[in-house]
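Please walk through this model step by step. Keep the sequence and the 3D view open side by side.

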Amino acid sequence: MNHLEPASQSRQQQIFTVTRLNSAVRMILEQDLGLVWLTGELSNLAMPSSGHWYFSLKDMSAQVRCAMFKGNNRRVPFRPQDGMQVLVQARVSLYEPRGDYQLIIESMQPAGDGMLALRFEELKRRLGAEGLFDEGRKRPLPREPRAVGLVTSATGAALHDMLTVLERRAPDLPVFIYPTQVQGSAATAQIVSAIMLANRRAEVDVLIVGRGGGSLEDLWCFNEEAVARAIAGSAIPVVSAVGHEVDVTISDFAADLRAPTPSAAAELVAPDRSTRAQRLVHLRQRLTQAMSRHQVAARHGFVLLQKRLDHQDPKRRLEQQSQRLDELDRRLQQHLRDRLHQGERRLAGLAMRLQARSPEKRLAIGKRRHQLAEERLHALIAKRQDLARHSLAMLGARLDGISPLATLGRGYAIVRTPSGEVIRRASQVNAGQTLITTLAEGVLRVRVDEVDNR
C-alpha cells in the first residue's frame, strides 16, 4: 500500500470543485481567445423585460449560445429576427451556473453590411494615416464658377435633381456631364476615368461626384480606394454627393467638400440667381458710390491743380523769381560788405601786428637797448674802476706800510752779496768782499775793509 500513497496524494491535489472548474475554464476562454468576429444565423431569439437579448448563433453544422446585454444592444441599428444572418464581435466565455459555453456579444451588424463596414473602417484608417483626408489638402470652391461638371449616372434621378437645381439657381451656368455607372463592379473604373477625363479637358471649375441613395452595398463603389485617390488627386475641386444625408462614404472624406445630397451639392456650387441679383445690386451700389467718391476726389484734385496752376503762372513765377533775385542780390551785397569789413578788420589787425614786428622798429628798439646797455656798461665800468682805484689805493697804502722801500726811505739800506744773498750778520761777510747796498734812492757797490762781529 505504501507504493500507492504518492499517486493517491497527487490525485487528491488535482481534484476540482465544479464551481472552481467552471471558473477556471471561463478565465481560460476569456483570456486566451479575447474578442472574435464571426458570422451566423440568429435562432431562439429572446428579449425579456430586463433588456438583455439571448439567442443562438448557428451555421449548417453547429450552434453556440449567445448573450447580448442591454448596454451593447442599444447600439444595434436594426431589429434582429430569427433566421437573420449577422456579423457579431464577441467574447468567448462560460456561463458558470450551468457550465454552458457561450458568447458575450459586443456588437452586431447584418452579415453583408457588416463585412463591408469592416472593409470601410480599415480603408478609412489606412488612407487617413496617409494624410489623404487632411483638412490642409482641401480647396475652397470657386465663388463664381464658369462651368460645373457632373460625374454621375446619365439615367439616374440624381442627375435630374442636380440639373433642376442648377437651372433654377443659375440658368446661364454651363454644365458638363461625365456619364458613368454608379453601382456594380464596373462602376469604380468608370468613375475614376470620368474624373481623369474632366481633369484632362479642364473645361469646368468644380466637379460633383455622386448618386442617389441606396444600401451600403449599392454605394460601395464610392468606398473603393481607387475612387478616393482619384478624387484626392483631382486638380479640380470635388464635391462628394453620395446617397442621403445619413450615408457616409470614403469619397466624402477624400473630397474637398461633402454635400448631404446631390441636390444640396448643386446648391453649393451654383450661386443662387436671386442672391446673384442682390449681389449685383450691391456691387452696383458700391460701384456708384465709388464713382461718386472718385468724381468728388477728381473735382477736388482739379481745384487743387487749378490753384497750383495759378500759383505756377509764368508771369507770377517771373515776378516771384525777380523778387527772389533782388532779395538774393541784397543778401549777397550785404554778405560781401560783411566779408569786406571782416577783411578790413583782419587786415588792420595784421598790419598792427606787422608794424609791431617791423625790422626798423625792432632795429630801433635794438639800438635803444644797445645804447642803454652800453651806457649801463660804461657806468658799470666807471664804477668798477672807481672801486678798483679805491681798492688799489687802500692796498697801496697797506703795501706802503709794509714795503721795504718805505723802510729804506727812513734811512735804512739792504745789503746783499753779488749773488743776491741778503746780509743780516757780519759773520756772513769777509774783508775785501764787494757788497751791493740798496738805498731808498739808488744802489751802492762797496768793498769791506774790516769785519766786526760784535
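Start with residue classes: Ala, Val, Leu, Ile, Met, Phe, Trp, Tyr, Cys and Pro count as nonpolar, Asp, Glu, Lys and Arg as charged, and the others, Gly among them, as polar. The model is predicted, so local features need pLDDT of at least 70 and side-chain atom pairs count only at pLDDT 80 or more, while totals for chains, interfaces and linings use all residues. Residues are numbered from 1 along each chain as its sequence is written, and side-chain values use heavy atoms, with hydrogens and water left out.

Now look at a pocket. On a 1 Å grid over the protein atoms alone, a pocket is an open set of points where a 1.4 Å probe fits, with protein on both sides within 12 Å along at least five of seven lines. Lining residues have an atom within 4 Å of a point. Points are joined across faces, edges and corners, and a volume is the space filled by probe spheres set on them. The second largest pocket has a volume of about 160 Å³. Y54, R65, C66, A67, F69, Y95, R98, D100, Q102 and I104 line this pocket. Two elements, β3 (63–68) and β5 (100–110), each give two or more residues to the lining. By class, the lining has six nonpolar, one polar and three charged residues.

Those element names follow a rule. Helices (H or I, at least four residues) and strands (E, at least two) are DSSP runs, numbered from the N terminus. Two strands pair if DSSP finds at least two bridges between them.

Follow β5 to its partner. β4 and β5 pair in the antiparallel sense over ten bridges. V92 stands opposite L103 in β5. Four residues lie between the strands of this hairpin, where G99 takes a positive phi near 75°. β4 (residues 85–95) also runs antiparallel to β1 (residues 35–46), joined by seven bridges. There, W37 has Q89 in β4 as its bridge partner.

Move on to an open sheet of five strands. Their order is β7-β6-β8-β9-β10, and the pairing is parallel. β7 (175–179) and β10 (257–258) are the edge strands, each pairing on one side only. β9 (residues 238–242) pairs with β10 over two bridges. V239 stands opposite L257 in β10. Helix α9 (residues 262–269) packs on this sheet and touches β6 (148–152), β8 (206–211), β9 and β10. Contact means heavy atoms within 4.5 Å. The direction of α9 makes about 170° with that of β8.

How are two packed helices described? By the angle between their axes and the distance between the axes. Axes are lines fitted to C-alpha atoms, for helices over the stretch in contact, and angles run from 0 to 180 degrees between N-to-C directions. The axes of α6 (residues 187–201) and α7 (residues 225–232) come within 9 Å and cross at roughly 10°. Angles under 35 degrees count as roughly parallel, so α6 and α7 are roughly parallel to each other. T188, I191, V192 and I195 in α6 meet A226, V227, A230 and I231 in α7. This contact has seven nonpolar, one polar and no charged residues.

Finish with an open sheet of three strands, in the order β11-β12-β13, with antiparallel pairing. Its edge strands are β11 (414–416) and β13 (443–447). β12 (residues 434–438) and β13 pair over five bridges. Here T434 has R447 in β13 as its bridge partner.

Note on methods:
Parallel < 35°, antiparallel > 145°, perpendicular 65-115°, else oblique.
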